Each structure stands twice: as structure tokens, then as C-alpha cells.
Amino acid sequence: MKQYGLIGEKLGHSFSKRFFTEKFEKENIDAQYDLFELANIDLITDIFSIKQPCGLNVTIPYKEQIIPFLDDIDQEAKEIGAVNTVQFKMVNGKMVKKGYNTDVIGFRDSLVPLLKEHHKKALILGTGGASKAVAFVLGKLGIEFKYVSRRAAEGSFTYSDLTKETMDEYTVIVNCTPVGMYPKVDAAPEIPYQYLSDKHLLYDLIYNPEETLFSKKGKEQGATTKTGLDMLYGQAIASWKIWNE
């Protein structure tokens, strides 16, 4: 039986395990998909040696930290600086661990149909591994962006910097933080929602709950909203293709 899985810190509500378990059952694939919760990234070597996986997905907080443990990295993932998919392939008698980023595919394919002509600038909430894939896609689409974080940094906004003028200018807002994720569903990123309008597009990478408070507050102001479920499907399908190349 082939072994696949997801590594991360807290994986209690994993989309990936449900998705791949159902896929394996439906398509009669002799494989299993497990969750590997790691207290620190150094424990990944145990997963490599003991579990001998055929493919891994990677989630927070290890999308950047896993890179030094890999033998190779896809050019796109290298540019992004984050990996969410690891392929295991025998090359010249040696098992080569290669990193990819399929978040790019999932995000791009679910975002593009929603874009309008006035969506020229974006705010990226958060600065973790997922935000790097989002920034990469926005850059390729020609959409200017700025990060928003709690700490002041050169070239970024803090949440207190977000004035009406800023919100009017940046009409795409992507939440790459875990704020609002189950079980803390009564929380939302601290942006000035009162300045949102029907010209805004709010994309939340969170998929649990299916509608976050971030999305609800956006809808109340007439904004178009999108959750991360389609992105997850897209990146999972792309991961499976990479594992089976």
C-alpha cells in the first residue's frame, strides 16, 4: 500500500485527508493518506525514513522550513520561497525529494474568473508561506500588492495604516492569516470593513468554516467574496499529478 500524507503542526481538521481518502476509495487506489503532526520540522527525517512516503503535502508552519530537508526544488517554488508538495522519485538508484508549490495553481485558477478591470491593486493579509504563493500569482497577473501585518515593516502596511483612501485604492484583499479559522470562528482580520464596497473582492484562504466572518463582513458591504475551498481542490489535484509523474 502506497503511503501519502500531510505534515504540519496542528492538523485536526484536514481537508487533504478527507479528499484523498475519498479519492482512493472511489478509484480503488491501494493507498492511504495520513496526518503527521510535527512539533518541529527536524522530525521530518523520521517521516522520510520510517514512513517512506510516495508523496507529502506541507502546511503551516512548515512550508518554508522544509526546504533545507529537500534534495531539489522546482523553479517556481524556489521563486516563491515556499513548498506545499513533496515528490519522492527514484533517480539513478537514489530517492530524490523534490519540492513544488501547487498553492499557486489552486489560487490562480480560482481567482482569475473573479477579477474585474478595476482590480489592479491588492492587499495581502499575513506574511507566511501561503502569502508568498499569493504574491507570486498576483505579480504574474500584473496586480500590484502590499503586505499587511501587525508589525511595521518597510514596504508594508500595518492594520492601523488602512485608511479609506488606501481601501479605495486596493480593491482585492486576500486573507492569508489563520484568523477566523475553526474553532475561533468569531474572529476576523482587523481591516476597516466600513470602507469596503461592491468594487472589492475579498478572498479568504480559510475553508473551515465555509463562510468566515471576514467574508460575511465583506458581503454586508456589497463585496464579492471567495473562500479557500476551490483553491484546496485545485492544489490537491495538482499534487496528485506531481506524485504520479
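**Exercise 1. Find the handedness of the unit made by β1, helix α1 and β2.**

Solution. Take the elements as DSSP runs, numbered from the N terminus: helices are H or I with at least four residues, strands are E with at least two. The model is predicted; local features need pLDDT of at least 70, side-chain atom pairs count only at pLDDT 80 or more, and totals for chains, interfaces and linings use all residues. Residues are numbered from 1 along each chain as its sequence is written, and side-chain values use heavy atoms, without hydrogens and water.

- Step 1. β1 covers residues 2–8 and β2 residues 31–37; they pair in the parallel sense over 7 bridges. Pairing requires at least two DSSP bridges between the strands.
- Step 2. I7 stands opposite F36 in β2.
- Step 3. Right-handed means that, with the strands pointing away from the viewer, the path from the first strand over the helix to the second runs clockwise.

**Exercise 2. Check the span of helix α8.**

Solution. 
- Step 1. The expected span is 1.5 Å times one less than the number of residues.
- Step 2. α8 (residues 229–243) has 15 residues, so 21 Å should result; the end C-alpha atoms are 21 Å apart, which agrees.

**Exercise 3. Which residues have the most contacts inside the largest nonpolar core?**

Solution. 
- Step 1. Such a core joins buried Ala, Val, Leu, Ile, Met, Phe, Trp, Tyr and Cys through side-chain atoms within 4.5 Å. Buried means under 20% relative accessible area (1.4 Å probe, protein chains only).
- Step 2. The core has 22 residues; F107, V134, L138, V174, Y203 and L205 have the most contacts inside it.
- Step 3. The largest share of this core, 7 residues, comes from α5.

Terms used:
Buried < 20%, exposed > 50% of the residue type's maximum accessible area, 1.4 Å probe, protein only.
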